[in-house]
Amino acid sequence: MQVIKSVLSEDLVHNSVTLLDELLKTNRWVSSNFIWPKGALRGVSGSCISTRVPAVLHDLIEGEIKQHLPEYERLTTCFYVWERLSGLGMHEDEGYKFNATIYLNEDWEPDFGGALIWEEKETEDTGIYNCIFPEKGWMALNVGEKKHLVTNISPQAPEPRRTIQIRGY
């Protein structure tokens, strides 16, 4: 897992959040409870909703992050809104070359949950996992099907955790 700080310009983060807020007023969202594999929902009682990023914004995001990504033929981008009590059980991503998460929340405290935890090769021997908490504009890039999870969002979180999810094929 690679963590890249300030992967998007401030303007693009702002425009992404503004568009995400507008899209939340529409009926184009799908729930993780209906589309994620059962293993990914283990230990999770809330729902993460998602929708595709519109093409114009997708192209701008791709332009700013492409230099950090492995080679790919096709890239998809989705907005994810992690509602309270949502999370992601331990799993490996399959079916694409890489997966990345860009964090959009202005302020996110560790007490709010939503930490990304992942295994490295030595985790099996040491029992030590790696972890990051969301920081605005940071991107976590998963290449090589590393097992990972997202801790549940606290019921006291002041807002949902907001991300852009990217998959390279």
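Author: Let us begin with surface patches, which are made of residues with over 30% relative accessible area and no salt bridge, like charges being joined within 9 Å. Please keep in mind throughout that this is a predicted model.

Reader: Which residues form the negative surface patch here?

Author: The negative patch is formed by Asp107, Glu109, Asp111 and Glu135. Of these, Glu135 sits in the loop that runs between strand E8 (130-132) and strand E9 (139-143), and with a relative accessibility of 38% Glu135 counts as partly exposed.

Reader: Let us turn to salt bridges. How many does a search of the whole structure find?

Author: Side chains of opposite charge can pair when their charged atoms come close. The cut-off is a side-chain nitrogen of Lys or Arg within 4 Å of a carboxyl oxygen of Asp or Glu, and a search of the whole structure finds 5 salt bridges. One of them joins Asp21 and Arg162, whose closest N and O atoms are 2.4 Å apart. Because Asp21 lies in helix H1 and Arg162 in strand E11, this pair ties together parts that are 141 residues apart in sequence.

Reader: Are the two partners, Asp21 and Arg162, buried or partly exposed?

Author: Asp21 counts as partly exposed at 31% relative accessibility, whereas Arg162 is buried, with a relative accessible area of 13%.

Reader: What does Glu22 pair with?

Author: Glu22 forms a salt bridge with Lys25, and here the closest N and O atoms are 3.4 Å apart. Glu22 is partly exposed, with a relative accessible area of 45%, while Lys25 is exposed, with a value of 66%.

Reader: Which parts of the chain does the pair of Lys136 and Glu106 tie together?

Author: The side chains of Lys136 and Glu106 meet in a salt bridge with an N to O distance of 3.2 Å. Lys136 lies in the loop between E8 and E9, and Glu106 in the loop between strand E6 (98-103) and strand E7 (116-118), so the pair ties together parts that are 30 residues apart in sequence. Lys136 is partly exposed at a relative accessible area of 21%, and Glu106 is exposed at 54%. Through salt bridges that share partners, Glu10, Glu106 and Lys136 are joined into one network.

Reader: Which backbone oxygen does the side chain of Ser16 reach?

Author: The side chain of Ser16 reaches the backbone oxygen of Leu12, at 2.8 Å. Ser16 lies in helix H1 and is buried, with a relative accessible area of 0%.

Reader: Finally, what of the backbone itself: where are Ser6 and Leu85 found?

Author: Each has a point of interest in its phi angle. Ser6, although not a glycine, has a positive phi of about 50 degrees; Ser6 is found in the loop between strand E1 (2-4) and helix H1 (10-23) and is exposed, with a relative accessible area of 58%. Leu85, again not a glycine, has a positive phi of about 70 degrees; Leu85 lies in the loop between strand E4 (75-82) and strand E5 (88-91) and counts as partly exposed at 36% relative accessibility.

Reader: How far apart are the C-alpha atoms of Phe98 and Gly144?

Author: Their C-alpha atoms are separated by 7.1 Å, although Phe98 and Gly144 are 46 residues apart along the chain. Phe98 is found in strand E6 and is buried, with a relative accessible area of 1%.

How values were computed
Residues numbered from 1 in each chain as written. Predicted model: local features only at pLDDT ≥ 70, side-chain atom pairs only at ≥ 80, totals over all residues. Heavy atoms only, no water. Patch = residues over 30% accessible without salt bridge, like charges linked within 9 Å, V, L, I, M, F, W, Y side chains within 5 Å. Areas by Shrake-Rupley, 256 points an atom, 1.4 Å probe, with all protein chains shown as cover. Lys, Arg positive; Asp, Glu negative; His and termini not counted. Charge placed at Lys NZ, Arg CZ, Asp CG, Glu CD. Helix = DSSP H or I, 4+ residues; strand = E, 2+ residues; numbered from the N terminus. Buried < 20%, exposed > 50% of the residue type's maximum accessible area, 1.4 Å probe, protein only. Polar contact = N/O pair within 3.5 Å; in protein donor to acceptor, adjacent residues only side chain to side chain.
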